[in-house]
Amino acid sequence: MTDQPPVRTGVIGAGSMGENHARVYSELRTVDLVGVADRDREVARRVAAEYGTDAVDLETLLDRCDAVTVAVPTHAHADVVSRCLEAGLDVLVEKPIAGTVEEGRALAELAREHGRVLQVGHIERFNPAVGMLEELIDDLEIIGVEAERLGPPVNRDAPGDVVFDLMIHDVDVVGAVLGREPTSISAIGAADGRYATATMEYGDVVAALTASRVTQKKVRRLTVTARECLVEVDYLEQSVLIHRDSYPEYLTDDGQNRYRHESVVERPRIATSEPLRCELESFLEAVRSGSDPEVTAEDGVAALETVQAIDAKLGGRRGREVNAR
């Protein structure tokens, strides 16, 4: 079998996420990182120098690449991704796929027209703990799902609204795990959009999602209640706990009655890994094979449609902000 030539990749948008993409691309032996582009040329030069590539303008990068990561602000996704697809490139665009559902659908259609891969950067799909959960799901009769994505922002100047920035991760994971879209949605928010809870029905399954930038502890957790067991997923620790066979009982000790509740807890062995690296390796495999990516444009549109519906229940603050940029 003949070795394939390296995939020529580039990164458009050299902020914190774009820089991480550049870092991982530079570490992969099957990739030639050929350039970084950013409207701030000094930022592009710094990131390019750090990872052994060139800082170039967008047109030059499009001429050099086979595939690109687009990590620009959401309001620019539609324009930049369109230009990349029309130039014949495969694209991984950071979530959300676009500023509006209509823009996302247009990008999905454009990718189909040009026969290009368009993957959306819903990174939690590539968390090994989520992979383990997906292995368990077929054997479970799920009743409910809870997700918590809490904690203060790393950047204190980060936007306050958490639905598009944080909750969308769990919306995507829940939709993928259940294999369906919600049939009803309700939501309530507080702290000027920095705290929000959404309750959704997926047929006979209830999901409750909470996202916060005011909670003074970082939590990334998903809990699945099934008739057979309770499954706890910790995104940060990349761990899964399965609680089974819970038995309440009363004990007598020195004449005193005590109550206890015992259960069997399983902890499957999980090979931990960096989700971003797994995501980019999956993207590159789709690029080489021309197959559908793990997270399709249609998946990205579905997640965006749900968070826009949640946002509407909260008064549509974020939607107006995105369109005004």
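The chain has ten helices and 13 strands, and the model shown here is a predicted one.

**Exercise 1.** Determine what share of the chain's 325 residues is buried, and how its accessible surface is made up.

*Solution.* Begin with burial: of the 325 residues in the chain, 49% are buried. Finally, consider the contacts with a separation of 6 or more, of which 67% join residues 24 or more positions apart.

**Exercise 2.** Locate Val 93 and decide whether Val 93 is buried or exposed.

*Solution.* First find the element, which is strand S4, spanning residues 90-94. Next apply the cut-off, under which a residue is buried below 20% relative accessible area; Val 93 counts as buried because its relative accessibility is 0%. Last, list its partners beyond four places in sequence, which are Val 70, His 77, Val 81, Leu 118, Gln 119, Val 120 and Gly 121. As for Val 80, 13 residues away along the chain, its C-alpha atom lies 9.6 Å from that of Val 93.

**Exercise 3.** Find which side chain of opposite charge is nearest to Glu 279, and work out why no salt bridge is assigned to Glu 279.

*Solution.* Start with the position of Glu 279, which is in helix H8, residues 275-289. The nearest oppositely charged side chain is that of Arg 125, at 9.1 Å. Since a salt bridge requires the charged atoms to be within 4 Å, Glu 279 has none, although Glu 279 is buried. To complete the picture, its contacts beyond four places in sequence include Leu 92, Glu 94, His 122 and Phe 126.

Note on methods. Residues numbered from 1 in each chain as written. Predicted model: local features only at pLDDT ≥ 70, side-chain atom pairs only at ≥ 80, totals over all residues. Heavy atoms only, no water. Helix = DSSP H or I, 4+ residues; strand = E, 2+ residues; numbered from the N terminus. Buried < 20%, exposed > 50% of the residue type's maximum accessible area, 1.4 Å probe, protein only. Contact = heavy atoms within 4.5 Å. Lys, Arg positive; Asp, Glu negative; His and termini not counted. Areas by Shrake-Rupley, 256 points an atom, 1.4 Å probe, with all protein chains shown as cover.
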